[in-house]
Amino acid sequence: MRSFHASSIGVAAVAALALPLAATTPVAASDSAPPSAAEPAGSTQSLPLEPLPGTDRAADGLSQEGLAQREVRPFSLVGVVWDNADDELHGSAQVRTRSRAAGTWSAWQDLETHNHDHAADPGTSEAVGPLHGSTAPLWVGDSDAVEARVRPEGEPLPEGLRLDLVDPGADPAEEEPGEGTRETQVPDVLPALDQAASQAEAVEVAGTTAEARPYVGKRPRIITRKGWGADEAVREGGFLYTKSIKVAFVHHTATGNGYSCAQAPSVLRGIYRYHVKSNGWRDIGYNFAVDKCGNIYEGRAGGVAKAVMGAHTLGFNTNSMGIALLGTYNDTNPSAAALKAIEQLSAWKLGLYGVNPKGKSTLVSAGGNRYKKGHSVKLNAISGHRDGFATDCPGARLYGRLGAARVAAAHYQGRR
């Protein structure tokens with residue numbers, strides 16, 4: 001999800017630091033205390049970054065910052081955060097972590113230093129602040145120690161750099177099996193609808209007749225926020241709505257592909273907490289998420305059929321929705337199951353608002369690095385994030401499949 005800027009030079013690794021593991025108590029901030037039964041599940045540890053010993057200056061004379069090896073409370077997702085959301089991190093950020101189960105350290109892993117590409121539109125109530133800048137978060141699995149390094153390239157690093165370590169909390173408790181049964185209940189889901197029920201839903205959403213909505217894809221099965229364990233006490237109350245859904249923007253979360261499908265709800269809870277607690281957004285930025293097994297998850301709260309404003313594509317959050325595929329797809333191909341889920345979800349949601357997935361829609365930019373504020377832009381009904389903002393999201397391998405996804409989604413709507 002790295003943004004492209006004329007001043008960016010690219011990501012480069014720096015020499016590994018041979019520092020001993022600090023036998024100190026973990027430093028923490030804000031809501032990072034261990035949760036009690038009365039507190040929200042999950043937590044965030046926030047560790048300030050400092051100049052690295054022996055590497056005070058990079059080749060261009062700019063200071064590097066980092067964190068020596070540190071034992072911490074368990075976490076599974078990590079990202080670098082800074083004070084001002086308008087500042088940009090030009091350079092590279094890397095972390096290595098220690099597995100809690102195996103006790104072994106990972107290799108250095110890159111954090112994608114995306115700047116401005118995922119954010120609330122300027123002038124919206126969500127953008128009032130306080131908002132913070134950040135890299136993309138990285139899923140590292142159950143870990144209990146961390147090391148980090150951030151190298152500037154061409155410009156000084158942003159003020160207030162810190163490392164946020166997110167514990168996503170436990171999975172939702174499974175319901176007890178009913179009397180006479182041995183299996184636990186299916187997680188909270190909105191079941192798939194047949195064509196007739198989907199058509200009726202479209203009529204209700206549009207306030208019109210079935211004749212006015214002849215092309216609507218069947219609603220696919222959607223795991224609800226309750227199903228993936230969203231703590232509703234974390235997000236801001238209330239919802240923001242727009243008038244319609246004209247474009248579906250496809251993203252990747254850039255959190256890495258080292259998760260199992262059973263871990264996907266934990267990944268989503270981690271992203272949710274990172275978006276709210278670290279970035280300062282009112283809720284998770286995406287309207288929907290999809291994992292590599294093709295499971296679809298409700299994202300931002302407010303109603304899956306409604307035109308909920310997200311914070312997924314800076315400048316184009318009005319009259320659009322964001323679908324995020326969990327993982328990183330610059331060099332990895334998305335699975336067939338994930339692509340099918342994106343196609344079916346787009347066919348249904350765009351169909352509710354009378355949009356042909358093979359067609360184009362016009363959105364007005366609220367301001368960004370690709371289109372100035374007020375500029376009318378004609379976009380594919382299923383677009384990649386990079387179509388609205390100069391970024392590599394949703395990754396070359398996923399972006400290259402969107403043409404076929406438009407055709408398939410139109411087919412799911414019953415179009416030829």
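## A buried cysteine to start

Cys-261 has 19% relative accessibility, so Cys-261 counts as buried. Buried means under 20% relative accessible area, exposed means over 50%, and partly exposed lies in between (1.4 Å probe, protein chains only). Cys-393 has 0% relative accessibility and also counts as buried. Cys-293, at 43%, counts as partly exposed.

This is a predicted model, in which local features need pLDDT of at least 70, side-chain atom pairs count only at pLDDT 80 or more, and totals for chains, interfaces and linings use all residues. Residues are numbered from 1 along each chain as its sequence is written, and side-chain values use heavy atoms, with hydrogens and water left out.

## The disulfide

How many disulfides does the structure hold? It holds 1. A disulfide is a covalent bond between the sulfur atoms of two cysteines. Here the test is a pair of cysteine sulfur atoms within 2.5 Å. Cys-261 and Cys-293 form the disulfide, with their sulfur atoms 1.9 Å apart.

Cys-261 sits in the loop between β11 (247–252) and α3 (264–278), and Cys-293 in the loop between β12 (288–290) and β13 (296–298), so the pair ties together parts that are 32 residues apart in sequence. The torsion about the S-S bond of Cys-261 and Cys-293 is about 90 degrees, so the disulfide is right-handed.

## The whole protein

The protein has 6 helices and 17 strands. Both are DSSP runs, numbered from the N terminus: helices are H or I with at least four residues, strands are E with at least two. The protein has 416 residues, and 53% of them count as buried.

Contact means heavy atoms within 4.5 Å. Take the contacts with a separation of 6 or more: residues 24 or more positions apart account for 77% of them. The protein exposes about 17,300 Å², and carbon and sulfur atoms supply 51% of that area. Accessible areas come from the Shrake-Rupley method with a 1.4 Å probe; for residues, only the protein chains shown count as cover.

Strand β3 covers residues 65–82. Of its 18 residues, 14 are buried, so the strand is mostly covered. Two strands pair if DSSP finds at least two bridges between them.

β3 pairs in the antiparallel sense with β7 (residues 138–152) over 8 bridges. There, Glu-65 has Val-150 as its bridge partner. β8 (residues 162–167) also runs antiparallel to β3, joined by 5 bridges. Val-80 stands opposite Leu-163 in β8. Strand β2 (residues 50–51) pairs with β3 in the antiparallel sense over 2 bridges, and Glu-50 stands opposite Gly-66. β6 (residues 133–134) is another antiparallel partner, over 2 bridges. Val-81 stands opposite Ser-134 in β6.

## Helix α6

Which residues of helix α6 (residues 402–412) are buried? They are Leu-402, Ala-405, Arg-406, Ala-408, Ala-409 and Ala-410. Their cover includes β11, α4 (336–352), β16 (376–380), β17 (382–384) and α5 (396–399). Gly-414 follows α6, and its phi is positive, near 90 degrees.

## Cavities

On a 1 Å grid over the protein atoms alone, a cavity is a set of points where a 1.4 Å probe fits but cannot get out; lining residues have an atom within 4 Å of a point. Grid points are joined across faces, edges and corners, and a volume is the space filled by probe spheres set on the points.

The whole structure holds 3 cavities of 30 Å³ or more.

Methods. 1 Å grid on protein atoms, 1.4 Å probe; cavity = no way out; pocket = protein on both sides within 12 Å on 5 of 7 lines; lining within 4 Å.
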